[in-house]
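Open the model in your viewer and keep the selection tool at hand. Each stop below tells you what to pick and what to look for.

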Amino acid sequence: MADYAKILKDKRFWFVSFLITWPVVLQGHMKWMQMQESFKQKFEDLQQKEDGDD
């Protein structure tokens with residue numbers, strides 16, 4: 001149990017954890033943004049048709 005406490009207090013552990021998680025989070029965010037953009041492009045025509053019917 002003492003080993004875990006020592007690891008959690010080690011600043012290198014948190015630095016490496018940050019270095020690993022940052023790109024993963026950034027990649028997930030970029031995929032989400034790409035999906036949102038794709039959705040907008042897919043349904044942009046539908047929105048323009050509805051606006052033209054007014």
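Start with the aromatic rings. This predicted model holds three aromatic pairs. Select Phe18 and Trp22 for one of them. Their ring centres lie 5.9 Å apart, and the planes make an angle of 25°. That pair counts as stacked, because planes under 30 degrees apart fall in that class. Now look at the backbone between them. Phe18 and Trp22 are four residues apart in helix α2, so about one helical turn separates them. Phe18 is partly exposed, because its relative accessible area is 48%.

Move along to another ring pair. Select Phe39 and Phe43. Their ring centres are 4.7 Å apart and their planes meet at 50°, so this pair is tilted. Here too the two residues sit four apart in helix α2, which means a separation of about one helical turn. How exposed is Phe39? Its relative accessible area is 51%, so Phe39 counts as exposed. Phe43 has 35% and is partly exposed.

Next, charged side chains. Side chains of opposite charge can pair when their charged atoms come close. How many salt bridges does the structure hold? There are two.

Select Arg12 and Asp10 for one. Their side chains meet in a salt bridge, at 3.3 Å from N to O. Arg12 is exposed, with a relative accessible area of 62%. Asp10 is partly exposed, at 27%.

Then select Glu37 and Lys40. Their side chains also form a salt bridge, at 3.9 Å from N to O. The two are three residues apart in helix α2, so about one helical turn lies between them. Lys40 is exposed, with a relative accessible area of 54%. Glu37 is partly exposed, at 39%.

Go to Trp14 now. Trp14 sits in helix α2. What does its side chain reach at 2.6 Å? It is the backbone oxygen of Leu8. Draw that distance in your viewer. Trp14 counts as partly exposed, because its relative accessibility is 48%.

Leu19 lies in helix α2, which runs over residues 11-52. Its relative accessibility is 48%, so Leu19 is partly exposed.

Colour residues 12-30 next. UniProt annotates this stretch as a "transmembrane region", in an unreviewed entry. In the model, the span is 100% helix and 0% strand. Its end C-alpha atoms are 27 Å apart.

Finally, zoom out to the whole chain. Which elements make up the fold? The protein has two helices and zero strands. What share of the 54 residues is buried? The value is 0%. Buried means under 20% relative accessible area. The protein exposes about 5,700 Å². Carbon and sulfur atoms supply 64% of that area.

Terms used
Residues numbered from 1 in each chain as written. Predicted model: local features only at pLDDT ≥ 70, side-chain atom pairs only at ≥ 80, totals over all residues. Heavy atoms only, no water. Buried < 20%, exposed > 50% of the residue type's maximum accessible area, 1.4 Å probe, protein only. Areas by Shrake-Rupley, 256 points an atom, 1.4 Å probe, with all protein chains shown as cover. Polar contact = N/O pair within 3.5 Å; in protein donor to acceptor, adjacent residues only side chain to side chain. UniProt positions renumbered as here; feature names shortened; annotations may be inferred. Phe/Tyr/Trp six-rings, centres within 6.5 Å; stacked < 30°, edge-to-face > 60°. Salt bridge = Lys/Arg side-chain N within 4 Å of Asp/Glu carboxyl O.
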